Amino acid sequence: GRFVVLHDPAEPAEWAGTFRLVTYVRADLDPEAAIDPLLAEVGWSWLTEALDVRGARYTAASGTVSRVSSEGFGELADRPPAAEVEIRASWTPLSESLDAHLEAWGELLCTAAGLPPLPPGVTPLRPARPKAR
């Protein structure tokens, strides 16, 4: 995935602010999941729910959710069918602190990758940092 921060002090009307966050997430899917008619709506909800849960206030959200299915033929006929979901989104943060937005994007990556969410009150263990020499 990608997380891009744009800044324009002229505050473009389409942005409704001086910053714009642009993201891209791509993840493999089970080929059967790619035919689900609700996939696009669910993919978009992964982003908006992650932003809301993290308290990342935003405006002017826009984007697309695409499904990509492929099947090999000829010399590639022995490859199994494959499917992916791609989420392209942008939004304007309503504060200059982008911490919650970056955390929400990380949550989106985890959800798209199929990692289950942590239950409330559970904190992930972080690897210990090596001591400076």
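Gly72 has its place in the loop between strand 3 and strand 4, where helices (H or I, at least four residues) and strands (E, at least two) are DSSP runs, numbered from the N terminus. At 19% relative accessibility, Gly72 counts as buried, the term buried meaning under 20% relative accessible area, exposed over 50%, and partly exposed in between (1.4 Å probe, protein chains only). The C-alpha atoms of Gly72 and Trp44, which are 28 residues apart along the chain, are separated by 29 Å.

The model is a predicted one, in which local features need pLDDT of at least 70 and side-chain atom pairs count only at pLDDT 80 or more, while totals for chains, interfaces and linings use all residues. Residues are numbered from 1 along each chain as its sequence is written, and side-chain values use heavy atoms, with hydrogens and water left out.

Taken as a whole, the protein chain holds two helices and four strands, and along the sequence these follow the pattern β-β-α-β-β-α. The radius of gyration of the protein chain is 18 Å, well over the 14 Å that the globule rule gives for 133 residues, so the chain is more spread out than a compact globule; this radius is taken over C-alpha atoms, and the globule rule is 2.2 Å times the number of residues to the power 0.38. Along the principal axes, the C-alpha atoms of the protein chain fill a box of roughly 55 × 50 × 35 Å. Of the 133 residues, 29% count as buried, and the accessible surface of the protein chain comes to about 9200 Å², of which 56% belongs to carbon and sulfur atoms; accessible areas come from the Shrake-Rupley method with a 1.4 Å probe, and for residues only the protein chains shown count as cover. Among contacts between residues at least 6 apart in sequence, 67% join residues at least 24 apart, a contact meaning heavy atoms within 4.5 Å.

The four strands form an open sheet with the order 1-2-4-3 and antiparallel pairing, two strands being paired if DSSP finds at least two bridges between them. Strand 1 (2-7) and strand 3 (58-70) are the edge strands, each of which pairs on one side only. Neighbouring strands of this sheet are turned by 10° against each other on average, direction ignored; axes here are lines fitted to C-alpha atoms, for helices over the stretch in contact, and angles run from 0 to 180 degrees between N-to-C directions. Strand 3 and strand 4 (residues 82-93) pair in the antiparallel sense over 11 bridges, and Ser69 stands opposite Ala83 in strand 4.

The rings of Phe3 and Trp105 have their centres 5.5 Å apart and their planes at 50°, so the pair is tilted. Because Phe3 lies in strand 1 and Trp105 in helix 2, the pair ties together parts that are 102 residues apart in sequence. Phe3 is partly exposed at 21% relative accessibility, whereas Trp105 is buried at 13%.

Thr23, in strand 2, is buried at 3% relative accessibility, and, not counting residues up to four places away in sequence, Thr23 touches Arg2, Phe3, Ile87, Arg88, Ala89, Trp91 and Trp105. Tyr24, also found in strand 2, is buried with a relative accessible area of 14%; under the same exclusion of residues up to four places away in sequence, Tyr24 touches Gly1, Arg2, Glu86, Ile87, Arg88 and Trp105.

Two residues remain to be considered for their backbone angles. Most residues other than glycine have a negative phi. Glu11, in the loop between strand 1 and strand 2, has a positive phi near 55° and is partly exposed, with a relative accessible area of 45%. Ala60, which lies in strand 3, has a positive phi of about 55° although it is not a glycine, and counts as partly exposed at 28% relative accessibility.

How values were computed: Rings of Phe, Tyr and Trp (its six-membered ring) pair if their centres lie within 6.5 Å; planes under 30 degrees apart count as stacked, over 60 as edge-to-face and the rest as tilted.
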